[in-house]
Amino acid sequence: MNLDFKRELPSARVVKEMYPLSNEAAASKRANDTALQDIFYGRSDKFILVIGPCSADRADAVLEYITRLREVQDRVSDKIVIIPRIYTNKPRTTGAGYKGMLHQPDPESEPDMLKGIMAIRKLHLQALENTGFSCADEMLYPENHSYLSDVLSYVAVGARSVENQMHRLTSSGLDIPVGMKNPTGGMLSVMMNALTAAQASHTFVYSGWEVVSKGNPLAHAILRGYSHKSGHSAPNYHYEDLIFLHELYEESGLKNPAVIVDTNHSNSDKQYDQQPRIAKEILHSMRLSGDIKKLVKGLMIESYLVDGSQKPDGGVYGQSITDPCIGWEKTEKMIYEIADLL
Amino acid sequence: MDDLSRNREIIDSVDEEMARLFEKRMQAGAAIAQYKKEHGLPVKDRTREDALIEKNRKRIENAEYEAYYVSFLKGMIDISCRYQEKLLSGMKVAYSGVEGSFAHIAARTMFHEASLVCKNDFNQAYRSVELGECDCAVLPLENSYAGEVNAVMDLAFQGSLFVNQVIDLPVRHYLLGIPGSTREGIKTVISHPQALLQCSDYICSHGFTAQEFGNTALAARRVKELGDASLAAIASKETAGLMGLTILDDKIQDSGINTTRFAVFSGASEGAPSSAGKDEESFILVFTVKNEAGALAQTLNIIGSHGYNMRSLRSRPMKELLWNYYFFIEAEGNINSQNGQDMLKELSVICARLKLVGSYKTYRIEDNS
C-alpha cells in the first residue's frame, strides 16, 4: 500500500465523550425520531421536508439558516416535519474539489480530517442543542456514521453510493430512516435492490468488528432524476414515474413503501429556482392518485440563505459553494405554499 | 458677567466634574491593584498603557490639544500606578535564592514595592502561597543556575497554584572584585559552574583559574568575606551593588545574552484573556496519558489540530508511580478562546489527568546595561 498513515484518529466513542449530548438534546432527537417513524409507518400523514444547503460549508451560516427554519417549523408543525440538511461530506464526480466540512473544516485550507471530525460533530450537536433539530446528513463514508449516530435523524445514501455493498449493509444496521437515491443512470432496480438489502439482516465487518444488523424497515426510496447517456438530465418526479415506483414497491414485498422526491439535482437539471414549481407538481400528483399520496412522504430541497452558488473562495455568507440552492425568501415562501396545498 | 469670570466658571465646573471622575478612576485602580495582587501580576503593563493612550488620543477632536492630552494621560497613568504600588506594598512575594540571585532580581523588578520573602527552596516558596503566607511566588521555569528547575515542574503538576505571568530575565555576567582590586591583579575566579562555562573563553584568555561555587551570589559574598584582591566572582551587576563589590569587567560571556525565565505562581487563575495581543499569549499544560500505544501522539495531534504551536514538551517521572511520566507543555496562543476551551475539552477525554497550569504573557525585563 502506498498509504501514509499520518495519525491515528480518536474513536467515535472518544469523540462522543469529548462532545457529549445533553439530556435535553437526546430527548429532542427521540421526539424527532418518533415523528418520522410515525410518518414512515403510516401512523401520521404529516409531510417531510429534508431541506437545507447542498453542503454545510461554514458553521455560522448553517446555524443561522437552521435557526430560521425553526421558526418556520413551529408555524407549520400541524402539517410538516422539517429535517434540516447538514451535509458535511460531499461526493465529487472525479474526486477533485471541495469534499465537505469533514475533509476541509476551512474550505480554503488543506484537508484536516481530525479537525474535520470534531467540526462536523460540533456543528450537528450545536444545531440540535440550539434548535432541537436532529438533522440529516449524507452517508458517504459508512464507518463515519458512528461519530454522529446520536445526533442524526435522517441519512441519505447518494446516487453514486447506492450500489455499494458497504452502504447497503450499514443502512441495514441503522434505526433512523435511510433514503436511498436512484443511481445517476436512472435504473430504479438498482435502488430497489439497495432497499431490499437495507431492510434485511446481515453479518459483516464494521469498524474492525464482526457485527450483525437487524435490518432497517425505515429504508426508503429517493427519486432524484437521472442523466441520459447523452449527458442531459431527465426528471423522474412526474405522475408516471411515481406510479411506476408504486408498482415496483407492490412487486417487491418491501416494508413501508415510501419515497422522498428530490426537487433539485437531475429533477431540476440544477435549475435551483424551479424547485417550488416541481414541489407543486408533485403535490398535484398526490391529489390525483391515492397510491401516490400514500407513497410520497416528502421532499428533499436544496436551500440556503442566498440564491445560487459561488466558487469556494467566493466569500458570500450563506451562499452555496457546491450546487446552487434557493435563497431564504423563496424557501420560506415555498414551505408556506406547500403547507397550504397539503 | 465679563468673559474672564464666565470662563473661570466653566473651568470650575469642569474641575468639579473631573474631581468626581478622578475619584472614580482611582477606585477602579484600587480594584485592579487587588486583582493584580491575587493573580501575581505587575502594576506596570506597557502593552495596556500604550493601547490606552492610542485609543484615547483619537477621542480628541482638536488636533492642537492632542499632544497635551497624551501628556496629561501619561501623568494620570503614572499617578494611578504609584497609587497601586502603594496599595501593593503590603504584598508578599516569595522566591528562593539569596539576595542578588537571579530569582531575587526577577522578583524585585516585577514587584518593586512588595516585600520579598526569601525561602529555602522552591517547595517552601510554593507552599507559602498555598498556605496564604505569601501572595505569589517567583520560581524559575528555565534556568541553568537554579539547579533543579524540574522541581518547579513537579510543583506545577502537583500543586494548586496558577501562572498568570512569566518573566524573561536577560542574564549578563560581570567580573566582580573587592573595592581597590583590578582586573590585572585577578588570579582566580569563582562562580556557579554554568556561569564559569559560559565565560570560559574569557577565563582562558586571561589565564584565570576557575573554581566552582554553589551559586553566583554566594560566590560574590565569598569574595567580599575573604577580601582577597586576587579573587573575583562572576555574577550579576545587581550583586555587585548588594555585596559592595566593584565591577572589574563586563560583557565577559562567550556569546550574546542568556535569558532565564521565571513564572509567577499565585492562587487565582486569571481566566479571562488579558490585555496582551493574541500572539503574545502562551499557556502551560501538564497531563498524563493513558498507558497505551499512541496515547501521547493522540494528545499532541489534538493540540496541533487546534493550531497551537508547542514551544516545549518535557516529561518528568511521577514520584508516586515508578516508570510513569507526566508531560509539561508550553505552547503559544490564547487558551481562553473558544478554540482553546474546545481543545481542553477534547484533551480531558484522552488524558488520564489534565491541568491548565496557567495562561500568561511574557514580561521581558529590559537589559539596561
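Mentor: Let us begin with A:Asp269, which is placed in the loop between helix 9 (265-268) and helix 10 (275-288) of chain A. Please keep in mind throughout that this is a predicted model. The backbone of A:Asp269 has a phi near 55 degrees, a positive value in a residue that is not glycine. Such a value deserves attention because most residues other than glycine have a negative phi. Is A:Asp269 partly exposed or buried? Inside 10 Å there are 15 C-beta neighbours, so A:Asp269 counts as partly exposed.

A:Asn256 has 19 other C-beta atoms within 10 Å and is partly exposed; burial would require 20 or more.

Returning to A:Met180, its contacts beyond four places away in sequence include A:Val157, A:Val162, A:Met191, A:Leu195, A:Ala221 and A:Ile222. A:Ser171 is also touched by A:Met180.

Ten residues of chain A and nine residues of chain B form the contact. On the side of chain A, the elements giving two or more residues are helix 1 (12-18) and helix 4 (113-131). That side is made up of five nonpolar and five charged residues, with no polar ones.

Chain B may be described through its sheet. Nine strands form an open sheet with mixed pairing, in the order 2-1-3-10-4-14-11-13-12. Strand 2 (115-119) and strand 12 (309-317) of chain B have a single partner strand each, so one side of each is left without a neighbour in the sheet. Ignoring direction, neighbouring strands of this sheet are turned by 30 degrees against each other on average. Within the sheet, strand 11 (residues 281-289) and strand 13 (residues 325-332) of chain B run antiparallel and are joined by six bridges. In this pair, B:Ser282 is opposite B:Glu332.

Helices of chain B lie across these strands. Helix 12 (residues 338-350) of chain B lies across strand 11 and strand 14 (351-364), at about 145 degrees to strand 14.

Finally, helix 2 (residues 46-57) and helix 3 (residues 63-87) of chain B pack at an angle of about 145 degrees, with 10 Å between their axes. The crossing of helix 2 with helix 3 of chain B is right-handed. From helix 2 of chain B come B:Glu49, B:Ile53, B:Asn56 and B:Arg57, which meet B:Glu66, B:Tyr69, B:Val70, B:Leu73 and B:Ile77 of helix 3. By class, this contact holds five nonpolar, one polar and three charged residues.

Definitions and conventions
Residues numbered from 1 in each chain as written. Chains lettered and ligands numbered in written order. Predicted model: local features only at pLDDT ≥ 70, side-chain atom pairs only at ≥ 80, totals over all residues. Pairing = 2+ DSSP bridges. Helix = DSSP H or I, 4+ residues; strand = E, 2+ residues; numbered from the N terminus. Axes fitted to C-alpha atoms, helices over the stretch in contact; angles between N-to-C directions. Contact = placed C-beta atoms within 7 Å. Nonpolar A, V, L, I, M, F, W, Y, C, P; charged D, E, K, R; others polar. Left-handed = near helix turned anticlockwise from the far one by under 90°. Buried ≥ 20, exposed ≤ 12 C-beta atoms within 10 Å, placed from the backbone.
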